[in-house]
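Trainee: Hi! I have a new structure to look at, and I could use a hand finding my way around. Could you walk me through it?

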Amino acid sequence: MARVCLPSVLRTYVDGARELDIDGADLRQVLDVLREQYPGLERRLRDERGVLRRYVNFYVDGDECRTLDGQDTAVQKGTEVMIIPAVAGG
């Protein structure tokens with residue numbers, strides 16, 4: 001079971017939760033469970049083909065998933081998944 005940490009900008013899609021405990025063997029399964037439980041969150045994380053959005057970073061135990069195995073990055077009990085949308089401004 002992974003602990004998914006969400007920034008305030010995404011909490012409105014998960015009933016205000018800061019953290020969620022989600023079962024899954026890899027990041028893809030964790031995101032699939034999130035999609036089932038919180039459908040409004042999905043379009044902010046992955047596109048219609050299921051590809052991770054470019055402007056959203058997914059850290060698995062502190063490492064950006066794209067430097068690991070992407071959505072196939074393994075998670076286990078106690079793994080921390082941080083989802084951080086990019087912030088634009090100037």
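Trainee: How many salt bridges are there by this rule?

Mentor: The count comes to 8 salt bridges. Keep in mind that this is a predicted model.

Trainee: Which residue forms a salt bridge with arginine 3?

Mentor: That would be glutamate 19, with the closest N and O atoms 3.2 Å apart. Arginine 3 lies in strand E1 and glutamate 19 in strand E2, so the pair ties together parts that are 16 residues apart in sequence.

Trainee: And how exposed are those two? What is the relative accessible area of arginine 3?

Mentor: Arginine 3 has 36%, so it is partly exposed. Glutamate 19 also counts as partly exposed, at 42% relative accessibility.

Trainee: What about arginine 28? Which side chain does it meet in a salt bridge?

Mentor: Arginine 28 meets aspartate 72, at 3.0 Å from N to O. Arginine 28 lies in helix H2 while aspartate 72 is in the loop between E4 and E5, so this pair links parts 44 residues apart in sequence.

Trainee: Where is there a salt bridge network?

Mentor: First take aspartate 32 and arginine 35, which form a salt bridge with their closest N and O atoms 3.2 Å apart. They are 3 residues apart in helix H2, which means about one helical turn separates them. Salt bridges that share partners then join Asp32, Arg35, Glu42 and Arg46 into one network.

Trainee: New topic: the sheet. In what order do the strands come?

Mentor: The order is E2-E1-E5-E3-E4, in an open sheet of 5 strands with mixed pairing. E2 and E4 stand at the edges with a single partner strand each, so one side of each has no neighbour in the sheet. H2 packs on the sheet, where it touches E1, E2, E3 and E5, and its direction makes about 115° with that of E2.

Trainee: Do E1 and E2 run parallel or antiparallel?

Mentor: Antiparallel, joined by 4 bridges. Within that pairing, arginine 3 stands opposite aspartate 21 in E2.

Trainee: Which residues of E2 are on its covered face?

Mentor: Leu20 and Ile22 are, whereas Glu19 and Asp21 sit on the uncovered one. Leucine 20 has a relative accessible area of 11%, so it is buried. Beyond its neighbours within four places in sequence, leucine 20 is in contact with residues including Val4, Leu34 and Tyr38.

Trainee: How many residues are in the largest nonpolar core?

Mentor: 23 residues, and Leu34, Phe58 and Ile83 have the most contacts inside it. E1, E2, H2, H3, E3 and E5 each supply at least two of its residues. The largest share, 4 residues, comes from H2.

Trainee: What covers the buried residues of H2?

Mentor: The cover includes E1, E2, H3, E3 and E5. The buried residues of H2 are Leu27, Val30, Leu31, Asp32 and Leu34.

Trainee: Last one: is glutamate 64 buried or exposed?

Mentor: Glutamate 64 counts as buried, because its relative accessibility is 14% and the cut-off for buried is under 20%. Glutamate 64 is found in strand E4, and tyrosine 59 stands opposite it. The side chain of glutamate 64 reaches the backbone nitrogen of phenylalanine 58 at 3.1 Å.

Terms used
Residues numbered from 1 in each chain as written. Predicted model: local features only at pLDDT ≥ 70, side-chain atom pairs only at ≥ 80, totals over all residues. Heavy atoms only, no water. Buried < 20%, exposed > 50% of the residue type's maximum accessible area, 1.4 Å probe, protein only. Pairing = 2+ DSSP bridges. Core = buried A, V, L, I, M, F, W, Y, C linked by side-chain atoms within 4.5 Å. Contact = heavy atoms within 4.5 Å. Axes fitted to C-alpha atoms, helices over the stretch in contact; angles between N-to-C directions. Polar contact = N/O pair within 3.5 Å; in protein donor to acceptor, adjacent residues only side chain to side chain. Salt bridge = Lys/Arg side-chain N within 4 Å of Asp/Glu carboxyl O.
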